[in-house]
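Grab a pencil and work through these exercises with the model open beside you.

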Amino acid sequence: MSVTVRVPAKVNVQLAVGGARPDGFHDLANVFLAVSLYDEVTAAPADALRVTCEGPGADQVPLDRTNLAARAAIALAERAGLAPDVHLHIAKDIPVAGGMAGGSADGAAALLACDALWGLDTPRAELLDICAELGSDVPFSLVGGAALGTGRGERLTELPVAGTFHWVFAVADGGLSTPAVYAEFDRLTPRAPEPVASPALLDALRTGDATALAATLTNDLQPAAVSLRPSLADVLTAGTRAGALASLVSGSGPTTAFLAKDEESARSIAETLSTSGLCRTARVASSPAPGARVVNAR
Ligand code: C5P
């Protein structure tokens, strides 16, 4: 028997970051939107815990117990009093270390896959608690759609979204370390104000108005990501010149996100960016996308 779970990437349409807390994390007003780039995690019985990975950037994915998919299996097995003897195979399509929550997505997917494989039927609220222990972005990967994350991003309120937003993601060579980007944020922002969700942005999501969303997109981590990787500024400019309604760094980067007015415009921006020499590849995607769900159990 094996269970396969499909899980989306995310973009932060607003990432408001407060000052560092005593525990080292930052309070956030984090508006997540799931996008249609997916990883798939397949769980199958094995003699011992094992992680394998295929797809672009698979060679940069750790296969030991630091992998969030492995940690999810261990956390769930511990709660259920089981041994985490499972083979987790990750089919990767979400950019690795790209600021699109690829690792978090694999954690949420592995949790759901193991829950189904082991027949546990763990209540949703408990799954969300385990996700929050695994990482700040993991609960959102389970939920998908659109949500406001407060606290360190793990406390979610689901948000209504109308229509479809069209995006282009420019994938950079190599990743950026999330802790390093937050440390650079602290250096650049000695007195960060309390993070608050933008009412105009929530309205734009609710009404499906891409132009209004473009006018309200913000990412407080963007100056820090650009400071660590100055070439991102050129990609952002190129996307805007190619017709994007707005350009921003996705999460902690280095993936950059471009909001397009429609699907045709997204394709044309992606083509311009992918031949610009400024990024490794450019991907078209839409949102909202559903959260982690079982797509195959046999
Ligand atoms: O929660 P997660 O493991 O994804 O966080 C990775 C790192 O990102 C943390 O160790 C911390 O340095 C930084 N972070 C933060 N504040 C948040 C979320 C993440 O400082 N709200």
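**Exercise 1. Find the side chain that Ser 247 pairs with in a polar contact.**

Step 1: The side chains of Ser 247 and Thr 240 are joined by a polar contact of 2.7 Å. (A polar contact is a pair of N or O atoms within 3.5 Å; within protein, one must be able to donate a hydrogen and the other to accept it, and residues adjacent in sequence count only if both atoms are side-chain atoms.)

Step 2: Ser 247 also has its side chain 3.3 Å from the backbone oxygen of Leu 236.

Step 3: To place Ser 247, look in strand 9, residues 246-249. (Helices, H or I with at least four residues, and strands, E with at least two, are DSSP runs numbered from the N terminus.)

Before going on, some ground rules: this is a predicted model, where local features need pLDDT of at least 70 and side-chain atom pairs count only at pLDDT 80 or more, while totals for chains, interfaces and linings use all residues. Residues are numbered from 1 along each chain as its sequence is written, and side-chain values use heavy atoms, with hydrogens and water left out.

**Exercise 2. Work out which residues surround the ligand, and which of their atoms lie by its oxygen and nitrogen atoms.**

Step 1: List the shell: Gly 24, Phe 25, His 26, Leu 28, Gly 135, Ser 136, Arg 152, Thr 178, Pro 179 and Tyr 182. (A residue is near a molecule if one of its heavy atoms lies within 4 Å of it.)

Step 2: Sort the shell by class, and you get 4 nonpolar, 5 polar and 1 charged residues. (Ala, Val, Leu, Ile, Met, Phe, Trp, Tyr, Cys and Pro count as nonpolar, Asp, Glu, Lys and Arg as charged, and the others, Gly among them, as polar.)

Step 3: Check the polar atoms. His 26 has a polar side-chain atom 2.7 Å from a ligand oxygen atom, and Ser 136 has one 2.6 Å from a ligand oxygen atom. With Arg 152, a backbone N or O atom lies 2.9 Å from a nitrogen atom of the ligand.

Step 4: Now the elements. Strand 2 (26-45) and helix 5 (178-188) are the ones that give two or more residues to the shell. Helix 5 gives the most, with 3 residues.

**Exercise 3. Is each of Ala 97, Ala 101 and Ala 225 buried, partly exposed or exposed?**

Step 1: Ala 97 is in the loop between strand 4 (86-91) and helix 2 (102-117). Its phi is positive, near 50 degrees, though Ala 97 isn't a glycine. Ala 97 counts as partly exposed because its relative accessibility is 46%. (Buried means under 20% relative accessible area, exposed over 50%, partly exposed in between, with a 1.4 Å probe and protein chains only.)

Step 2: Ala 101 is in the loop between strand 4 and helix 2, and has a positive phi of about 65 degrees. Ala 101 has a relative accessible area of 10%, so it is buried.

Step 3: Ala 225 belongs to helix 8 (residues 222-228). Ala 225 counts as buried because its relative accessibility is 0%.
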